[in-house]
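Reader: I would like to learn how to read aromatic pairs and nonpolar cores. Please take me through them.

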Amino acid sequence: MEPRPESRGAGIVGSGRLAAKVALITGGDSGIGRAVALAFAREGADVAIAYLEEMQDAEDTRRAVEELDRRCVTIKGDVGMPSHCEAVVERTIESMGRLDVLVNNAAEQHPEESPLDVRRQTLERTFRTNVFAMFYLVRESLEHLKAQPGAAIINTASVTAYRGSPGLLAYSASKGAIVSFTRSLSQALVEDGIRVNAVAPGPIWTPLIPATLDADDVATFGSDVPMGRAGEPWECAECYVFLASAASAYMTGQVLHPNGGEIING
């Protein structure tokens, strides 16, 4: 990608907000997931990264985490499959010994010009990766999260869940489901002491953008928000750090909106 996404915030210094914690991040090989992994490591957390197939990206992220003197394990496979979600959590516990934070971030999108272009296979694949995986991973993680005071689940939603996107019908619908999932799960787990929140990014410059949009859309990506530009992955990552840390102890069922100034109710 040119320019390359910025995964580290220049001048941001860690202060131990996640010291001794372990986080599992899906889609952690690049984009927002990589930025979250680096931000967590900077704050003292060890991380496990689940990724689909970009092995080099995952290795680059692992090395960057280890440069911050934290441990990192990478786990390849499709989180849309229940059996793989079970394996991901098992590997995390085997490698790290505990789990404090689950970040459900893996996602895919497939632009469509018309609702008639949404194929059954694409619809099912989008929801399997974007939504079903969250159910599977929460189910497998729950007993481990219950064992850790201050445990947190953070889901990646999207601005499209609130304002829609006619060219991303399946993706937008899946992200709307994630908002509802977050709100409902937060109430289901509040007595267990597990906080559940979400982040709904606006236009963020990640590999997903040039991989799925045409050249004209890529050239103008992010120009329609009040700040007039796409955000960088690191500009989202601090939202995840906040929601994973004790600083957000009185928040659950909420959504943060790093979106360049677009006013979104919810």
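**Aromatic pair and cores**

Author: The structure holds 1 aromatic pair. Rings of Phe, Tyr and Trp (its six-membered ring) pair if their centres lie within 6.5 Å; planes under 30 degrees apart are stacked, over 60 edge-to-face, the rest tilted. Here Phe135 and Phe181 are tilted, at 4.6 Å centre to centre and 45 degrees between the planes. This is a predicted model: local features need pLDDT of at least 70, side-chain atom pairs count only at pLDDT 80 or more, and totals for chains, interfaces and linings use all residues. Residues are numbered from 1 along each chain as its sequence is written, and side-chain values use heavy atoms, without hydrogens and water.

Reader: Which parts does the pair tie together?

Author: Helices (H or I, at least four residues) and strands (E, at least two) are DSSP runs, numbered from the N terminus. Phe135 sits in helix H4 (residues 120-146) and Phe181 in helix H6 (residues 169-189), so the pair links parts 46 residues apart in sequence.

Reader: Is Phe181 buried or exposed?

Author: Buried means under 20% relative accessible area, exposed over 50%, partly exposed in between (1.4 Å probe, protein chains only). Phe181 is buried, at 10%. Phe135 is partly exposed, at 48%.

Reader: How many residues are in the largest nonpolar core?

Author: A nonpolar core is a set of buried Ala, Val, Leu, Ile, Met, Phe, Trp, Tyr and Cys residues joined through side-chain atoms within 4.5 Å. The largest has 36 residues, and Leu24 and Ile153 have the most contacts inside it. H4 gives the most to this core, with 9 residues.
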